[in-house]
Amino acid sequence: MSDVEKHSIDEPHASEPYQRPPGLKGLYYHPYFQCSMLGFVCFMGPGLFNALNGLGGGGQVDATTSANGNVALYSTFALMAFFAGSVNNKLGSRLTLLLGATGYSLYIGAYLALNIHPHAGAFLIAAGAVLGVCAGLLWSAQGSLMMAYPTEQEKGRFVAIFWSIFNLGGVVGAAVSLGQNFNSKSNSVSNGTYIGFLILTLIGVSIPMLMADPHKMYRTDGTKVSAALRKHPKWSTEFYSLWVALRTDPYILLLFPLFFASNWFYTWQFNDYNGALFNIRTRALNSFIYWTSQIFGSIFMGYILDIHRFNRRTRAFLGWGVLVAMVLIVHIWGYEYQKNYTRESVSVTEDPNKIDWSDHGFAGKIWLYIFCGFLDSMWQTAAYWMMGAMSNDPEKLAHFAGFYKSIQSAGAAGSWRADAVGLPYMNIFASTWALLLGGLVCVLPMLHWRVKDTTSLADETLVRMDDSGKIHAVEEFAPVEKA
């Protein structure tokens, strides 16, 4: 066995094995606890944002302004997220998370303003653009920590823990909306719903500064999370590291089509199915059940991807097969409903004929929405696991998470824009189906050639990069503790 193969990034660098402190300090610095805190940051921000979007049109009667707001959001999100890994690695994950969380309060406040002043659409679109910048920062930091804290045998489990807590935000937000609108058969939500969401997002802004410093974190097997040489890198070095991450691990490019498809389906699910067919209280119920189903979907996929009796490559292909099956089930089923209505045949204004949960035939439609929730969470869990199978380094994973969210947001911007300009529902549905299957085909070579049973130090180029941008050979690597 060569020296390169002997040295794993997961090997402890200290002469003495790490002993986790007892009591509350040990609990606080435990990776599971920190992953849970990370989940609550996103519970209070993106989770509530998802609950609002899940109502269709952000809970508004006319979904066009909401769709344009989402176009602005995902356009700036796509641009910022691509470079957000460099910002995260320079500022640190906690500050990056805090800056990112603030944008969600502004955006939900803009919906409240629109509900009070119907001509405030421009403010909502501007708030969406600001949120895109903030979201790029938040999700890069989130991805870095969530994928770096677990051992290689726990990555599916950590994604499932995070995704479950994060989606509790959607569950709670939808439950608040459902309670507010339980007796309403109108098609827009009340001011109280937006105020409740706004208060919760403001609480979430404070959580990142209560989290542990990632440089003081150790995994459950005693290995140090951050072992990079860089102590005080310059901005130029961090942006150069982005290029290095792409150049030295080009297999990440094969994940880009999968990333692009990973939010495309929201437009059809939220606006063109839930928003188009159901009244507000039924949309709120559907949203509640959708986000609840995501919890179970992520737990199931996390379990599949962490089955210890199979090697990592086998688990990768097993997860891939499950995704193919889910895409086919959801879209063959969805086609049976979509072929029966068009954008012109369903009114986006006050329509007493929109479906209520008391109507005949509702059960089949809500079960489809449950399976949509399963598919979403399973897709995102698998995407994070695939990236985590390529690296254990939080700084490299920050770049990967940034690429993920950038490409994902570019797709979402295109999808929301297609809806805003009135593209036929069937066209959006068909494009969703095609992109999901195409993304799964493109990722196959990466799963075959890049996924290995463990990640070696030879794979972790950024760990071996110093403050000047020089990349050291594996043989001369000596980790430096960060101040």
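**Exercise 1. Describe the accessible surface of the chain and its overall make-up.**

Solution. In this predicted model, the accessible surface of the chain comes to about 17,500 Å², and 66% of that area belongs to carbon and sulfur atoms. Turning from the surface to the interior, 60% of the 483 residues count as buried. The secondary structure consists of 16 helices and 0 strands. Finally, among the contacts in the chain with a separation of 6 or more, 86% are accounted for by residues 24 or more positions apart.

**Exercise 2. Find which residues make the nonpolar surface patch of about 620 Å², and which elements give two or more residues to it.**

Solution. The patch is made by Leu 79, Phe 83, Leu 91, Leu 95, Leu 99, Trp 235 and Phe 239. The elements that give two or more residues to this patch are α4 (63-91), α5 (93-116) and α9 (235-248), and the largest share, 3 residues, comes from α4. Phe 83, one of the patch residues, is found in helix α4. Because its relative accessible area is 36%, which lies between the limits of 20% for buried and 50% for exposed, Phe 83 counts as partly exposed.

Methods:
Residues numbered from 1 in each chain as written. Predicted model: local features only at pLDDT ≥ 70, side-chain atom pairs only at ≥ 80, totals over all residues. Heavy atoms only, no water. Helix = DSSP H or I, 4+ residues; strand = E, 2+ residues; numbered from the N terminus. Buried < 20%, exposed > 50% of the residue type's maximum accessible area, 1.4 Å probe, protein only. Contact = heavy atoms within 4.5 Å. Areas by Shrake-Rupley, 256 points an atom, 1.4 Å probe, with all protein chains shown as cover. Patch = residues over 30% accessible without salt bridge, like charges linked within 9 Å, V, L, I, M, F, W, Y side chains within 5 Å. Salt bridge = Lys/Arg side-chain N within 4 Å of Asp/Glu carboxyl O.
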